[in-house]
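Please consult the sequence and the model shown below while reading.

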Amino acid sequence: MATYVKPGSAQAGARGTIHREVSPEQQAVEERLVDNVVASFATCQDPRLQELMTSLVKHLHSFIREVRLTEEEWGTAIDFLTKAGHITDEVRQEFILLSDTLGASMQTINVNNQAYQGATEATVFGPFFVGDSPAIELGDDLAFGAPGEPCWVEGTVTDTDGTPLAGALIEVWEADEDGLYDVQYEAGKRAGRAHLYSAADGSYRFWGLTPTPYPIPDDGPVGKMLDAVGRSPLRAAHLHFMVSHEGVRTLVTHIFPEGDPIGRKDTVFGVKDSLIKQFEQQPAGTPTPDGRVIDGPWSRVRFDIVLAPAGA
């Protein structure tokens with residue numbers, strides 16, 4: 001019979017962990033079920049799918065057995081996932097938020113984007129990318145009227161040998177100063193996002209907005225989960241990039257302003273030291289790189305992008 005050990009008692013483990021003793025007979029019942037479920041995948045014709053399902057079952061059952069999951073708790077989990085499905089639509093993807101806030105998105109990125117000879121590090125994709133962003137020319141403004149402090153962004157795109165990559169597709173998107181992306185206003189709105197191509201020497205430049213921290217959508221089940229465990233929904237301030245070019249690994253990344261108070265507390269664990277950049281504040285009246293007249297302060301940042309070879 002399983003026994004309950006009171007936290008803080010002599011039998012409780014570190015940090016008050018509750019240990020439950022399970023009889024050998026009960027362990028045998030539980031292990032037999034795991035074996036039966038694993039065996040059910042024996043005729044799967046797809047080796048990779050078989051590997052994934054077998055490992056998933058083993059880890060899932062291990063979790064259930066380790067914490068001695070109650071039927072009520074499992075029902076709560078099913079209800080949580082059901083609500084996540086109901087709130088998800090073509091704009092709002094609650095399951096990406098769940099993956100992000102559990103660190104699963106970041107870990108998957110780490111596994112699939114191993115460090116390579118100084119290549120720019122990848123980070124989370126996020127739920128607000130859309131594929132039909134407006135095209136802009138070098139030096140244009142992707143804010144399209146979105147509120148926020150103007151920011152001049154410039155840099156180069158090269159491979160790991162330092163060779164400039166002309167014509168690299170650079171897709172950029174960000175939230176406005178109110179912490180909202182264009183699609184959160186209305187599905188067809190396009191502001192704070194665009195795509196452009198690097199010049200013959202690999203350089204690029206555009207106007208955007210100085211990033212500010214903002215909360216992920218927290219009015220759904222993921223927000224309730226964060227509140228229940230005492231976590232903030234705030235993301236560190238950031239600017240999204242996706243950069244692609246023939247022969248190199250497509251990069252999905254952000255840059256983060258130095259000194260951001262959220263920083264490592266980023267609720268989706270996306271901050272990496274190499275992606276923290278200095279956004280230099282410019283007082284009102286400071287001449288801009290392209291002669292644009294700005295009524296107020298602005299900022300500028302340099303982000304040189306290095307792409308790893310395809311397959312690296």
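Glu171 has Met242 in β7 as its bridge partner. The model is a predicted one, in which local features need pLDDT of at least 70, side-chain atom pairs count only at pLDDT 80 or more, and totals for chains, interfaces and linings use all residues. Residues are numbered from 1 along each chain as its sequence is written, and side-chain values use heavy atoms, with hydrogens and water left out.

Strand β2 (residues 169-173) and strand β7 (residues 239-244) run antiparallel and are joined by five bridges; strands (E, at least two residues) are DSSP runs numbered from the N terminus. Within this pairing, Ile170 lies opposite Val243 of β7. β2 is also joined to β3 by five bridges, again in an antiparallel arrangement, and Leu169 has Tyr197 of β3 as its bridge partner.

## The sheet as a whole

The open sheet consists of five strands in the order β3-β2-β7-β8-β9, with mixed pairing. Its edge strands, β3 (193-197) and β9 (276-277), each pair on one side only. Two strands count as paired if DSSP finds at least two bridges between them.

## Burial of β2

Five of the five residues of β2 are buried, that is, under 20% relative accessible area with a 1.4 Å probe and protein chains only. Leu169, Glu171 and Trp173 point one way from the strand, while Ile170 and Val172 point the other way.

## Cysteines

The count of disulfides, defined as pairs of cysteine sulfur atoms within 2.5 Å, is zero. Cys151 is buried at 1% relative accessibility, whereas Cys44, with a relative accessible area of 26%, is partly exposed, a class between the buried limit of 20% and the exposed limit of over 50%.

Notes
Helix = DSSP H or I, 4+ residues; strand = E, 2+ residues; numbered from the N terminus.
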